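Work through the exercises below with the sequence and model open. Each task is followed by its solution.

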Amino acid sequence: MTFGKRFDALTGAGLLGLAGYVYWEGSSMPQAAKGLGPGGYPVFIAVGMAILAVIRIVQALVRYVRDKNAAPTLTLSRGAFFRVLWFLALVFAYLALLPHAGFIPASIALLVYLTHFYGYRRLWANVLVNVVFTISIYLLFRHFFLVLLPTGGLFG
Amino acid sequence: MSLGYFLEGLISSFEPMTFLIMFLATVAGIVIGALPGLTGAMAIILSMPILARITPAQALLVLAAIFCGGMYGGSISAILISTPGGPSASATLLDGYPMAKQGRAGKAMGIAVFASFIGGIFSSFGLLLVAPLLARLALSFQAQDYFSLSIFGLTIMASAGGGALVNGLVAGWIGLLLSTVGVDGNMGMSRFTFGFPSLMSGVNLLPVLIGIFAMSQLLENAEGLLVAHQSLKQDLKDIWPSWLDMKRISLSLAVGCVVGIFIGIMPGAGGAIACFMAYDIARRLYGSRAKFGSGVIEGVAAPECANNACTGGDMVPLLTLGIPGDVQTAVMLGALMLIGVRPGPLLFVEQREAVYTLLAGMFVIQFLILFLGLAACRVSPRILAVPPGLLNPIILIFCVVGTFTLGNSLFDVKMALVFGFIGYLMRKFGYPGAPLVLGLILGPIAEDHLNRALLVTDNDWTTFVTRPISCFFLILSVLSIATALYSSYREAKLAGKTAAEPAGGRG
Amino acid sequence: MRIKGIAAVALAVAFAAPPAFGGGFPEKPVEAIVPWSPGGGGDLVFRALAAVFPKYANGQPLLIKNIPGAAGVPGIIEFMKAKPDGYTIAHWNPAQTIKTHMTKTPYTATQFKGVANIVNDTFYHLVAADSPFKTLRDMIDFAKANPGKLTVGNAGTGGGSHFAEVLFEEKAGIAATAVPFQGGGPLVTGILSGQVMAGSCTIPEGASNIKAGQLRILSIYSPERHPFYPDTPTGLEQGIDMVFSAYRGIVAPADTPPETLRALQDIFRKAITDPGFVKQINDIGSNPTFLTGAEYDKIIAQDSENFLKVIKELKMGDIYNK
């Protein structure tokens with residue numbers, strides 16, 4: 001997929017929307033008798049952001065009009081993007097599972113899978129390194145740093 | 001500052017036990033500083049049980065060693081894996097990592113060690129010679145002056161991190177926006193917390209830092225199977241800077257030292273701000289002589305020098321006023337109080353022996369860092385030889401664990417992940433991450449001082465120009481923006497004059 | 001499956017519980033949740049406590065879990081998940097009580113059971129050495145003659161020192177401008193640099209500066225002359241009917257059985273009166289004051305009422321600011 005200059009304008013529009021929201025929220029906060037009320041700062045930021053957003057939109061449109069054949073802002077293959085999303089999903093799942101499964105099992109599972117995912121195919125070395133690593137980290141943190149990494153229902 | 005006391009202090013810092021403790025503490029500082037997610041603050045906490053068992057002089061040395069070592073250590077991971085080991089190494093990766101990608105990691109690290117050493121020596125002198133004077137200077141700053149100073153810091157946002165001016169500003173502004181999340185300082189209202197109690201104290205710096213720099217890199221690496229580029233052959237012979245190198249970076253070093261110690265003595269400002277400021281000021285001063293951002297040694301020297309120069313500065317308000325400049329010095333303060341060393345104006349009198357041992361020891365620590373750093377230079381680039389498939393997930397777990405340890409909270413880690421994704425998108429679309437971090441740091445500082453200035457002067461906005469110091473910084477800010485605009489205008493013109501963009505291609 | 005095997009063994013080793021000492025509470029480490037980052041606020045006090053705790057607790061350690069964040073809210077939320085078996089306790093102080101009225105917190109200040117009070121830090125008014133205010137009266141007269149012009153710093157909006165100031169102004173019948181700083185350190189700098197005319201501080205903020213002659217105490221709000229500063233008049237002596245200190249103590253989950261509470265209380269009574277502990281706390285500048293759980297409960301409840309009144313009046317925070 002490619003994102004051309006028109007996409008920049010879209011980002012600009014998005015920022016403008018964000019600025020609007022912040023401005024609205026900020027001005028609905030109570031005013032202080034003296035000094036900056038809670039709303040003052042957000043309003044200021046919203047104004048600045050709106051200006052930047054407008055500049056961005058204008059810049060993007062101008063570039064688009066001027067040179068239709070300009071190199072796109074971003075070219076990303078479908079596959080690559082999905083790999084990124086999949087990675088994100090995995091890590092989120094890992095974080096959600098941590099309190100239930102415990103640090104050691106969850107991390108080992110994640111590590112082994114990801115190492116494979118990143119292209120390292122020697123399975124035995126993979127598993128060995130990751131197991132040793134995870135357990136060492138856990139022990140190090142527990143006894144030396146005195147930080148209890150999450151332990152799940154299975155091992156807690 | 002009497003020479004006699006200093007020499008006494010120097011001698012006591014070489015006592016075998018003291019020296020050994022100092023050595024170990026420096027190693028610990030460097031190692032923990034290098035690991036992303038683990039901060040010097042944590043190292044200090046770990047050392048607390050040990051601190052209780054040694055003399056106050058030794059305890060002071062331990063704290064200083066961890067602090068200084070940590071400042072240097074962050075550069076190791078910044079250069080090798082584009083992840084700052086701590087906030088104060090955020091600017092080092094801007095030129096350090098490109099150098100690593102070109103196979104010049106050894107040289108980058110050598111420059112980092114050297115610059116850190118110079119910065120550290122400079123700040124040790126500063127601490128020794130002018131501590132009480134510096135403290136008085138810090139006291140003459142009031143809220144208005146701090147505000148203008150932070151405005152000046154914010155103007156650096158635009159150009160920090162390279163990339164188009166507008167992109168940098170947008171990133172910085174998003175950082176500012178993020179800094180408003182949390183409870184406001186004036187009336188205690190929660191802003192933009194959406195009902196998440198963990199957000200009430202604001203968006204934490206560490207998760208954002210880890211996310212924007214580390215996780216986003218990991219995500220980018222996830223795009224394709226990783227092969228060659230990270231197992232690049234690194235040149236490990238050419239580490240120590242040559243005379244020519246030293247001449248080239250002398251301007252960077254000068255900027256780093258001055259900015260570092262200045263920012264350091266300001267209570268409330270620390271290494272993170274110093275490194276960016278030094279980077280940007282050096283960039284402007286060098287102009288076209290050095291292409292900052294492409295992997296030039298000048299770009300590594302400035303921030304590394306600044307963050308170590310900051311250490312001595314940071315200790316000035318800590319020791320003389322008992323006021324910490326950042327999280328690390330705040331923890332140091334706690335540690336000091338726990339062992340009975342009470343910072344304040346009487347410290348130099350009541351605990352003279354301990355303080356002088358510290359002042360002298362600071363110099364010794366810098367040499368230790370030099371020595372250990374060079375050793376690290378030879379050893380640590382080998383980490384790049386580890387297959388990236390194995391290394392990346394391990395880095396991920398380090399980030400997770402480190403972020404978790406900060407506040408015992410998985411929420412922080414999730415936030416880091418979210419920012420990882422945001423950072424990834426930003427990378428892809430050409431928005432630099434550094435300004436966002438800067439905005440996040442400076443935002444609350446600016447607001448806090450602005451608020452107070454207005455409260456004290458009864459909403460009098462002219463006070464910012466009537467106070468000389470404040471006025472000075474505002475003028476600097478305007479100049480800073482003007483020069484940034486001018487140079488970006490000239491760059492655009494230059495690009496227009498050279499061959500037009502290649503026709504064809506999709507899009 | 002080999003993985004699970006190795007992991008199981010490793011974990012078994014890691015979790016090997018120490019043998020109980022002839023029965024009796026506690027039989028494993030006690031965890032204390034401190035809603036501050038290490039080195040800040042109550043953390044130091046709890047660490048000092050942790051140093052003497054094993055002596056009176058069957059050798060079991062007191063593990064400190066720092067959960068920093070806005071006036072303790074994330075920390076207490078975590079605390080609420082704890083089992084009421086006496087093995088998890090939490091730090092409590094006025095700032096946390098205040099917070100329950102400033103925002104919608106999923107807990108109230110009085111829902112937990114007090115175990116003991118540890119230290120008692122009295123509030124006092126500080127001025128720079130060269131300030132024109134020589135006595136408290138001077139400051140009050142100035143404020144009465146120039147309403148709103150007197151600037152008094154505090155260590156943070158919604159914190160104990162802020163409320164101390166509000167209470168003071170009520171009793172003295174004046175209106176001044178409260179100037180928030182980000183903590184005690186910046187507050188003291190602010191007074192020294194002349195940014196504010198006076199500061200509402202908590203002992204021992206500014207102690208070393210007082211000793212060095214850079215700051216002066218106008219009055220201390222303790223019932224009698226404070227042991228650290230026997231030459232300084234109290235608020236009462238100068239005509240202000242105000243006695244206010246920050247009580248820092250320990251709370252346990254509400255359903256903790258009374259015998260466990262008593263056992264904990266006993267341990268802490270001995271710990272807080274331990275000479276080593278007292279010395280360390282005095283070094284920090286604080287004043288160890290043991291109070292029983294019941295007495296501490298009363299203080300928290302009283303504080304809660306007082307704070308609620310002030311918050312409603314001044315329309316602070318998220319709940320009452322309309």
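**Exercise 1.** Which residues does Leu49(C) touch, not counting residues up to four places away in sequence?

*Solution.* Residues are numbered from 1 along each chain as its sequence is written, and chains are lettered from A in the order in which they are written. The model is predicted: local features need pLDDT of at least 70, side-chain atom pairs count only at pLDDT 80 or more, and totals for chains, interfaces and linings use all residues. Take contact as C-beta atoms, placed from the backbone, within 7 Å. Leu49(C) then touches Leu62(C), Ile118(C), Ala271(C) and Phe277(C).

**Exercise 2.** Find the axis geometry of H2(A) and H8(B).

*Solution.* Helices are DSSP runs (H or I, at least four residues), numbered from the N terminus. The axes of H2 (residues 40–66) of chain A and H8 (residues 165–179) of chain B come within 10 Å and cross at roughly 155 degrees. H2(A) and H8(B) are therefore roughly antiparallel (angles over 145 degrees).

**Exercise 3.** Which residues of H2(A) and H8(B) meet?

*Solution.* From H2(A) come Ile45(A), Gly48(A), Met49(A), Leu52(A), Ile55(A), Arg56(A) and Gln59(A). From H8(B) come Val166(B), Leu169(B), Val170(B), Trp173(B), Leu176(B) and Leu177(B). They divide into 10 nonpolar, 2 polar and 1 charged.

**Exercise 4.** How much of chain B is buried?

*Solution.* A residue is buried if 20 or more other C-beta atoms, placed from the backbone, lie within 10 Å of its own. Of the 507 residues of chain B, 68% pass. Chain B holds 20 helices.

Conventions:
Contact = placed C-beta atoms within 7 Å. Axes fitted to C-alpha atoms, helices over the stretch in contact; angles between N-to-C directions. Helix = DSSP H or I, 4+ residues; strand = E, 2+ residues; numbered from the N terminus. Parallel < 35°, antiparallel > 145°, perpendicular 65-115°, else oblique. Nonpolar A, V, L, I, M, F, W, Y, C, P; charged D, E, K, R; others polar. Buried ≥ 20, exposed ≤ 12 C-beta atoms within 10 Å, placed from the backbone.
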